[in-house]
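Look at the model first, then read on.

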Amino acid sequence: MQRSEFSITSAYTYDRRSVARWLLSHVGRYWPFALGFYLCFITAWAAYSGAQAVIGRAADVLSGPPDYAALTALTLGVLALMVTDSFSALIGSLSVETVAARVEADIRQEFYESLLAKSKAFHDRQRAGDLMARATDDTNLVANMIVPGTTLISETVLGIVVPLTFIFFTEPRLIVIPLLFVIGYIITAHQYLRRLMPVIQRQREQYGLMNAGLEETISGIEVVKASAREALERSKYLRNAQRFRDLFIEQGRIEARYLPLLLFGIALGAQFFHALWLYSIGEIGLGQVVAVIGLMNVLRFPTFISLFAFSVFQAGLAGARRILSIINAETDLDENPNGYSAPLRGEITFEHVSFSFAAHPGESPHQVLHDISFHIPAGQTVAIVGQTGSGKSALTQLVNRTYDATSGRVLIDGVDVRDWNLDALRSQIGKIEQDIFLFSRTIAENIAFGAPGATQVEIEAAARAAQAHEFISRMPDGYQTVIGERGVTLSGGQRQRIALARAFLAHPRILILDDSTSAIDSATEDEIQRAIRQAQQGRTVLLITHRLAQIRWADQILVLDRGRLVASGKHEELLRTSPHYRRIFARYEHAVPETGVVRATEGAA
């Protein structure tokens, strides 16, 4: 059973043991349509090939005394067969188009759900642009693999097998050359596919790289323009685009050496010679010659179209491999659906916790936290301080299981976080980060993201508590104003206040504030501090901050240095006993007491 952080109990289960099984399980979901396609196309090819045989029979009639009744019957027979061919092909095409459209939608949904189920560590190692390429272009290629890929390959098979069957029953001796052609076709087509597949696979990988570079440039456009690096980014994208183009040129060279068409031309000439030779010695009639050559000409379409069909099919397979590789990729965490679930009190305990993290697959893990132990009673406010890179954010990410500890245990209310039901745990923990993420939706929807059933009155109350109601009311559409992607239409302080409102509305039992007031001016901060102090009542608050006003009113302060817990206690106590804390504190005050001396500290930041 594959681990995941999110799953839907009613979701359809696909066979993911291989690409072929996975695709077949998707198509098998709509087997009546697939069966209808094959029945219709078998009928269509049988009718079309039968028409060639009837035309041959008409040639026999024409070579003898005039028989208008027979010719009329044969003409109507050809008409009926061609109408049957057209009608069957139409119904078959509609059936397979239905399969392709539904499979594409299902794959997109399955891929999206698999991304939701992956851990933060997994997403840290992925490039968003490449994932977008898989979700859009690769899924489209899989649909193209069904229509026109699979349909054309099916027509290739039927367009060879059915005419050969008619040739055999028309004149068994004339089956030899078509069979030799089929053998040559299979050999040369196999060699063609062996050369083509690696090129198409590299095309898909290069497309992912090109798309990832494009996404990074667009996401970082402010940095690009501020640094005047447009020319550099243009040259990087141009190189990626040129590599992508070169792979298509290489594919074209391979396709230009497609030999089955040459073999068909030789086989057609040889078959015509063989048929005329048998006719010349009186072994077969003129009608058989016409019918067999007509049936032989039927082979031209499947031979020609297979050039395109194989390319489309291989591209779809390459895309399917890329999609399935992400779906099947192991994630680090499991939702633990049968795990412990209860209302949180907010007691947090770290027991000899260490944490290592590798940013890229195959990279040696970097140890971020070393043997950390502490206890936070429920309802306390704890400030976590330390120099940049000391592991403050990583420590809080172990509380809500964004990551799991490498060793040791993190306990919430005395229960290991790995034993909790993940949804029950995270739904009761709120977090506001310095880099606020807002969705391109209305302000009301952003505030209510963690509490989708909230009323407008509750949303406005949360906004007032976060000192956001006033500026929201001045917006053109108030709470229904749609903000830009990632909240770019708002200032940093406005984004942080909306994030605070979102956290207040969710009523978490544990609230994590990761430098959440860094973009707010001092006057607004004073108001928000009062809101935070009010919100902390009955909650456990973990506070990562450089603001002295917040540090000093914490019940407990944890001091981190290079991933180690070097001190803990109250503000005045740490000033006396911790050189590390004194160095941090010295950043915010010009004068600090000597170690061992306690004096009143003036002026909160």
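Two strands pair if DSSP finds at least two bridges between them. Helices (H or I, at least four residues) and strands (E, at least two) are DSSP runs, numbered from the N terminus. This is a predicted model, in which local features need pLDDT of at least 70, side-chain atom pairs count only at pLDDT 80 or more, and totals for chains, interfaces and linings use all residues. Residues are numbered from 1 along each chain as its sequence is written, and side-chain values use heavy atoms, with hydrogens and water left out.

**The sheet**

Six strands form an open sheet. Their order is β6-β7-β8-β3-β9-β10, and the pairing is mixed. β6 (429–432) and β10 stand at the edges. Each has a single partner strand, so one side of each lacks a neighbour in the sheet.

β9 covers residues 556–561. Five of its six residues are buried, that is, under 20% relative accessible area, with exposed over 50% and partly exposed in between (1.4 Å probe, protein chains only).

| Strand paired with β9 | Bridges | Direction |
|---|---|---|
| β3 (residues 381–386) | five bridges | parallel |
| β10 (residues 564–569) | five bridges | antiparallel |

Ala-383 stands opposite Ile-557 in β9. Which residue of β10 is the bridge partner of Ile-557? That partner is Gly-569.

β9 and β10 form a hairpin with two residues between the strands. There, Arg-562 takes a positive phi near 55°.
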